[in-house]
Amino acid sequence: MRRRISAYGLTFSLPLLIWQLLFFVFPLVFLIALSFWTVRNFRMQPDFDTVNWTTMYGRAIFWQAYGTTLALATAAAALTSVLAFPCAYAIAFKLPNGARRWAIMLMVIPFFTSYLVRIYSWQVFLSDAGIINVMLGWIGLGPYGLLNTMGATLLGYVTLALPLVVLLQLFSLIFLDRTLIEAAHNMRCGRLRTVFAVVIPSARVGLVIAALFAFILSFGDFVSPIYLGGGDPTTLSILITDTTKSGQQWPRAAVIALTMIVTLMVVAFLSVRFAYRGRK
Amino acid sequence: MTQAPLVSFEGVAKRFGSYIAVQKMDLKIWQGEFLAIMGSSGCGKTTTLRMLAGLEAPSEGVIRLAGKPINDLPSWARDTPMVWQSLALFPFLSVIENVEFALKMRGVGRAERRRRAEQWLDRMQIGEFADRDISQLSGGQRQRVALARSLVVEPQILLLDEPLSALDAALKVRMQSVLKTLQRETGITFVYVTHSQSEAFSMADRVVIMSRGKIEQIGTPQDIYRAPRTRFVADFLGASNIFSGKVARDPQGRTVIATDSGQFALPGNVGVSGQPASLTVLDTRMQIHDQPPGGARNSVAARMVGEEFVGATATIYFETEAGQELRVQKSHEDLAGLPLSIGQPFHLSWAMEDGHLVQE
Amino acid sequence: MNTGNPANRSPLLHGLLMLYVVLAYLFVFAPILASFVFSFNSDRFPSIPLGQFSTEWYRAVAADPLVWEGLRNTLLVGVVVALISTALGFGAAYTDYRYSFLGKQVYLALALLPPTIPVVIMGLAMLAFLSRVNLSGDALAVIIAHVVICAPFAMAVIRLRLSQMDPSLEQAAWNLGASEWAAMRHVIIPFCRPAILGALFVTMAVSFDEFAIAWFVSGLNETLPVKVLGFLQGQVSPRINAIGTFVFVTSMMLLILAQLLLGHGPASRKE
């Protein structure tokens with residue numbers, strides 16, 4: 001095969017490259033410049049001023065939001081992984097092939113339903129006169145204030161991330177060498193111990209990557225913390241939308257966005273390193 | 001053969017980075033011949049074929065087709081159709097559409113290309129499958145489609161890259177005769193790459209043996225079989241006993257080769273004294289004696305160490321005093337009367353003309 | 001662990017795991033199903049017990065000219081995004097399949113990374129950049145932004161198909177006299193046709209549901225999901241359920257079409 005890229009080859013390679021450089025890389029790089037611009041009389045001016053950084057980093061609300069977001073996203077990643085694992089495990093090892101294909105197809109459906117509609121649906125479940133409180137009322141409990149809590153925010157995050165995490169875990173488990181499990185049983189390793197001593201370590205890369213995606217999705221989501229969490233406590237994503245949409249303070253929003261990107265890059269780097277630790 | 005060659009490789013070499021796939025080589029392919037290029041995997045045979053088809057560009061040297069250099073011609077501008085190991089039939093086209101493909105690319109009209117494609121399908125005895133999907137055909141039928149697809153443009157040359165390797169043994173033998181007949185009838189030059197000695201030797205007019213990017217020997221199957229030119233070829237064919245030693249003169253002034261197992265006479269005045277060399281003798285050309293044979297034959301004493309029977313022939317294994325392993329192939333009748341048993345001492349002999357000196 | 005020996009299985013454990021799987025799917029599908037059920041329910045504030053069966057929310061939605069405008073924008077954006085991102089994704093998939101070059105890792109990262117960047121960040125970056133070049137607030141802005149996140153999906157779908165192709169197929173076409181362009185037209189594209197159609201539908205479905213970036217950059221040219229976000233911000237309204245059900249059914253049809261095309265190997269082999 002000819003390796004040299006010709007006019008013919010460039011016709012196919014260049015369009016995407018140009019598009020992503022122009023409309024993906026460039027806007028992200030532009031954020032860096034933007035974060036040093038200044039706003040006077042509601043108008044942005046190109047500038048080199050660190051005022052946005054010092055202002056944002058000097059605010060308690062920013063650090064409070066940062067802490068909240070980090071904690072919530074970490075909790076969501078852990079919770080989603082733990083909730084997804086038995087499900088992925090059962091689908092990978094307990095279901096016959098046909099049923100497994102169906103299970104995978106069903107898990108893909110949520111990706112193509114509106115996340116907003118699902119969040120609105122949870123409001124219907126959680127509100128004071130909602131489905132859950134009505135049902136609790138039948139047995140003489142409640143009503144409880146379920147909506148506008150951190151728990152509700154987490155529920156939204158799990159809704160967002162669970163299908164992806166189940167699928168990613170599932171794929172790492174399906175490709176696991178099953179003779180490893182038989183070998184473990186053969187060496188008197190019991191059922192549950194086999195899961196922790198053999199299955200989880202062997203599928204570690206997939207499990208960590210799945211948790212990483214849950215973290216990324218939750219970290220950037222603004223719908224669940226607003227419409228299920230009630231916007232309090234504030235998360236970084238809420239801060240961005242507020243700063244952009246109502247405050248017209250785009251340079252400050254850029255500071256938040258850049259902080260988020262750096263955080264995500266550090267988390268991604270650490271996770272991947274952890275996932276591949278001791279492997280080559 | 002006085003006419004110009006159809007294809008000539010002139011000092012052609014191919015490197016992939018620092019890896020040398022084909023070393024500077026010269027090769028002429030004649031109009032109408034069936035040429036097999038044979039060697040083990042990685043010897044450069046497929047690269048040679050792909051350079052001819054324009055799928056790899058030579059790092060140096062010139063390839064000529066019908067006298068004209070074709071180095072800079074892209075694949076699609078050469079008439080060098082090829083049959084792939086995987087056959088590479090287009091799965092989304094029907095049988096006849098596959099065969100029409102090359103004609104369509106050459107701008108042949110719909111009716112004309114259908115007619116010519118049908119003609120070739122009939123010739124390959126698969127006319128009834130014209131409208132089938134490729135996936136509905138058997139291995140042998142696919143083989144025929146691939147041949148028809150390449151031959152429909154009636155080229156001067158057809159390249160074949162291990163086309164039979166996916167078939168079972170019986171079908172392989174049948175397809176060999178189909179190929180040979182086809183080549184003889186059409187007079188199209190076939191260049192056939194294979195790792196199989198039986199395929200190359202049963203079909204080809206001439207065989208090229210390659211090793212590590214280099215041509216080891218070119219010749220008719222008989223010539224190569226009887227007189228391998230290099231130690232590698234002798235080893236590769238596996239049909240000869242090989243004695244290693246040095247060229248010398250015996251007291252009568254004849255050329256001999258001095259080995260650990262003794263001195264053996266060579267035909268004619270070949271080799272330079274003192275030069276390391278090897279002597280090959282076909283295992284079918286050796287005789288077994290229970291007494292030392294007299295006369296002019298070369299002979300060596302050896303002890304029997306094993307035997308093996310395949311069909312009508314038996315292979316008897318021997319070892320000389322010096323530890324040299326030897327092998328003799330005979331029919332069962334030839335062996336009758338010999339006291340064959342493991343450990344028994346014998347004498348092996350061969351006529352001087354059956355020994356060939358090969359380069360180390 | 002489906003070993004042959006029944007002694008290696010525990011019916012209780014097996015039953016519990018199966019129950020768990022059912023519960024997990026129930027959790028995933030509860031909001032989707034609830035939205036469907038309540039879209040036909042007359043109550044202003046949906047809950048149980050259910051009220052009357054009613055299509056009033058569908059009528060309310062259908063009577064809202066802004067919803068129609070949103071739908072038109074969504075469809076326009078969806079179709080254009082599907083076409084552009086499939087074309088770009090095809091080019092990138094073919095590049096990855098055929099060529100190796102210095103910096104290919106970077107190329108692939110650029111081609112595949114965008115969906116992993118949080119949508120708020122993408123939204124802000126797009127808004128800031130596009131308004132700088134006077135493109136924000138336009139349907140074009142939404143198209144540009146959606147192509148960035150949709151092209152990787154198209155590329156993945158088509159690359160998967162290319163990896164199932166015998167590498168000698170393209171060379172065989174050249175060998176039979178097809179130029180690179182002719183081989184592209186007569187071999188590569190026909191081989192990839194089911195995946196190309198699949199990619200069109202998948203990218204359309206992704207664009208159909210994307211609301212965050214669209215919300216940032218769309219200005220007054222709101223797409224339907226952005227409209228839904230508006231409803232959510234305003235009073236709680238079961239109209240969301242009606243729109244949601246409609247969008248769900250549409251996306252599902254696109255997906256099923258894609259699945260049928262991808263599942264049935266060489267779908268069409270006419271000329």
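## Ground rules

Residues are numbered from 1 along each chain as its sequence is written, and chains are lettered from A, and ligands numbered from 1, in the order in which they are written. Because the model is predicted, local features need pLDDT of at least 70 and side-chain atom pairs count only at pLDDT 80 or more, while totals for chains, interfaces and linings use all residues; side-chain values use heavy atoms, with hydrogens and water left out.

## Chains A and B

Let's start with chain A, which has 13 helices and two strands. Helices here are DSSP runs of H or I with at least four residues, strands are runs of E with at least two, and both are numbered from the N terminus. The C-alpha trace of chain A spans about 75 × 75 × 35 Å along its principal axes. Of its 280 residues, 51% count as buried, meaning under 20% relative accessible area; exposed means over 50%, and partly exposed is in between (1.4 Å probe, protein chains only).

Chain B has nine helices and 20 strands. Its C-alpha trace spans about 75 × 45 × 40 Å along the principal axes, and 51% of its 360 residues count as buried.

## Helix α3 of chain A and its partners

Two packed helices are described by the angle between their axes and the distance between the axes. Within chain A, helix α3 (residues 60–93) meets helix α7 (residues 150–174): their axes come within 6 Å and cross at roughly 40°. The axes are lines fitted to C-alpha atoms, for helices over the stretch in contact, and the angles run from 0 to 180 degrees between N-to-C directions. α3(A) and α7(A) are therefore oblique to each other; angles under 35 degrees count as roughly parallel, over 145 as roughly antiparallel, 65 to 115 as roughly perpendicular and the rest as oblique. The crossing of α3(A) and α7(A) is right-handed, meaning the near helix is turned clockwise from the far one by less than a right angle, with anticlockwise giving left-handed. The contact of α3(A) with α7(A) has 24 nonpolar residues, four polar ones and no charged ones. For those classes, Ala, Val, Leu, Ile, Met, Phe, Trp, Tyr, Cys and Pro are nonpolar, Asp, Glu, Lys and Arg are charged, and the others, Gly among them, are polar.

α3(A) also has a crossing with chain C: the axes of α3(A) and helix α1 (residues 11–38) of chain C come within 9 Å and cross at roughly 120°. α3(A) and α1(C) are therefore oblique to each other, and their crossing is left-handed.

## A bent helix in chain C

Helix α8 (residues 180–209) of chain C has 30 residues, yet its end C-alpha atoms are only 38 Å apart, short of the 44 Å that a straight helix would reach at 1.5 Å a residue. α8(C) bends by about 60° at R193(C), with a proline, P194(C), following within four residues. The bend is the angle between axes fitted to the seven residues ending there and the seven starting there. With 25 of its 30 residues buried, α8(C) is largely enclosed by the rest of the structure.

Over in chain A, the peptide bond from D232(A) to P233(A) is cis, with omega near 0°. P233(A) sits in the loop between α11 (223–227) and α12 (236–245).

Chain B has L87(B), not a glycine, with a positive phi of about 75°. L87(B) is in the loop between β6 (82–83) and α2 (95–105) and is buried, with a relative accessible area of 9%. R212(B), not a glycine either, has a positive phi of about 45°. R212(B) lies in the loop between β9 (206–211) and β10 (214–219) and is exposed, with a relative accessible area of 68%.

How values were computed
Expected span 1.5 Å × (residues − 1).
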